[in-house]
Amino acid sequence: MESNELALTMSGSALEVEGSGKTEEQVLKRAIAGDRVAFDQIVVQHERRVLMTAWRLLGSKEDAQDAAQEVFLRLYRYLRHFDEKRPLLPWLYRMTVNVCHDQYRKRRQDDALAAEEVEGTTLTYDPGVEITRSEQRRMIEAAIKTLTEKERAAVVLRDIEGLTTRDVAGILGSSQTTVRSQISMARVKIRKFVDRFEKRRL
Amino acid sequence: MSCLDFEKLIALDIEGDLPEPKSAKLGAHLRACGDCREFKGKLLVSQTLLKSLAQESVEEAVLAEVRERVLEGIVAEAKPARFLAWRFALAAALVTAAIVAAVTLWRPRAPSHVARASRPPSVERVAVGTTQRGQDARVTAGETPALGYPKIPTAKSKSELRQRKPSGSTLAARLKPPEELVVKLLTDDPNVVIYWVVD
């Protein structure tokens, strides 16, 4: 049932693929038939979303590029089995989360080290000087890094990508109750991280 | 419920994720609790910052690099596939050639009963003449054709044999070696038996 709901809320099949004059369903159909130009159009259409989601989940541009590359390669391999009537976007989000999860597991020890650095050396600031927009962004990015992997995925998809709780649950393969709990914890943790950051500035 | 519990509800309520009954309960608490109202205000600020990350742009060069790497990955995956296809084709050709060669060179094995008969030809002496006269020439020492060998034809007709009178009826004459010698030669082929009649 959740997958149907997901299809209703996240269907991009009626959207025109940028500059192609064709709907996503038409382009997807051609790509499934082996049209490389159509596949390239799909990559161009979704690359930013995939890359940015991976960037938020992994916290590094280089890792995000690796993840995005892997997501589109998996799409290319899986394409022949893809049902053109199904929306592509939920699948891409799910694959992005899975690929990032794989990378996260490989780098778990490095991440633990990075988490320790987050509140210390990686955030430099001038006490008494008003926090700049760039610093705010870095502060939030550092706060996201302190979350658990599941909290991070839930809050990135819900609050940054703007998906509904139901869609997030469908992508993560969890219940809506679980996702709500993860989102709640994540928001509180981020708020408290910001509090600590601001106290150090005073 | 403590304020810590309400913090979690506030975190859901600010984005409309809190079901109505709990939302009403939270509203009642917020009216009475200044700390939680303050926390809600701060949470709204951090949420605004968090959501602002969605507006960030990414350099075109970064996206182009991803595109290029995807293309390289697809090409790299296609190469081994072609190589493997070539190897499979070669292996199939070799197997086919081996099968053809085996079929060409294969000789069907004789059935077991024939195989038993496939022994070196044996030669038997068949006594025909004074002592065995009048009897069928195939009555020979050790003659037991294994598997339905055809009846041994007489080397000479019985009438012909009868014409030959014994040279004498004495014991000495009877002890003389037979005048006629029939040699039966068994071959590999059970249908072929060679008789050699020697006078």
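Tutor: In this predicted model, a residue is called buried if 20 or more other C-beta atoms lie within 10 Å of its own, exposed if 12 or fewer do, and partly exposed in between.

Student: With that definition in hand, what percentage of the residues in chain A is buried?
Tutor: Chain A is built from ten helices and zero strands, and among its contacts between residues at least 6 apart in sequence, 65% join residues at least 24 apart. Of the 202 residues in chain A, the share that counts as buried is 39%.

Student: What percentage of the residues in chain B is buried?
Tutor: Chain B holds seven helices and three strands, arranged along the sequence as α-α-α-α-α-β-α-α-β-β. Among contacts in chain B between residues at least 6 apart in sequence, 56% join residues at least 24 apart. Of its 199 residues, the buried share is 12%.

Student: Is Gln26(A) buried, exposed or partly exposed?
Tutor: Gln26(A) sits in helix α2 of chain A, which runs over residues 24–32, and its C-alpha atom is 9.0 Å from that of Ala38(A), twelve residues away along the chain. A buried residue would need 20 or more neighbours and an exposed one 12 or fewer. Because Gln26(A) has 16 C-beta neighbours inside 10 Å, the residue counts as partly exposed.

Student: How far apart are the end C-alpha atoms of helix α5 of chain A, and what span should one expect?
Tutor: Helix α5 of chain A covers residues 88–106, and its buried residues include Leu88(A), Tyr93(A), Cys100(A) and Tyr104(A). At 1.5 Å a residue, its 19 residues should span 27 Å, which agrees with the distance between the end C-alpha atoms, 27 Å.

Student: Why do the buried residues of α3(B) lie on the same side of the helix?
Tutor: The buried residues of α3(B) are Cys36(B), Phe39(B), Leu43(B), Ser46(B) and Leu50(B). An α-helix has 3.6 residues a turn, so residues three or four places apart point the same way.

Student: Which exposed residues does α3(B) carry on the face turned away from its buried side?
Tutor: The 19 residues of α3(B) should span 27 Å at 1.5 Å a residue, and its end C-alpha atoms are 28 Å apart, which agrees. On the face turned away from the buried side, the exposed residues are Gly34(B), Glu38(B), Gly41(B), Val45(B) and Thr48(B).

Student: At roughly what angle do the axes of α1(B) and α3(B) cross?
Tutor: In this contact, Cys3(B), Phe6(B), Glu7(B), Ile10(B) and Ala11(B) of α1(B) meet Asp35(B), Cys36(B), Phe39(B), Lys40(B) and Leu43(B) of α3(B). By class, the contact has seven nonpolar, no polar and three charged residues. The crossing is right-handed, and the axes, which come within 10 Å, cross at roughly 35°.

Student: Which helix supplies the largest share of the side of chain A that touches chain B?
Tutor: Between the chains, 29 residues of chain A are in contact with 24 residues of chain B, and the helices of chain A that each supply at least two residues to this side are α3, α4, α7, α8 and α10. By class, this side of chain A has 13 nonpolar, six polar and ten charged residues. The largest share, eight residues, comes from α10(A).

Terms used. Residues are numbered from 1 along each chain as its sequence is written. Chains are lettered from A and ligands numbered from 1 in the order in which they are written. This is a predicted model: local features need pLDDT of at least 70, side-chain atom pairs count only at pLDDT 80 or more; totals for chains, interfaces and linings use all residues. Axes are lines fitted to C-alpha atoms, for helices over the stretch in contact, and angles run from 0 to 180 degrees between N-to-C directions. Helices (H or I, at least four residues) and strands (E, at least two) are DSSP runs, numbered from the N terminus. A crossing is left-handed if the near helix is turned anticlockwise from the far one by less than a right angle, and right-handed if clockwise. Two residues are in contact if their C-beta atoms, placed from the backbone, lie within 7 Å. Ala, Val, Leu, Ile, Met, Phe, Trp, Tyr, Cys and Pro count as nonpolar, Asp, Glu, Lys and Arg as charged, and the others, Gly among them, as polar. The expected span of a helix is 1.5 Å times one less than its number of residues.
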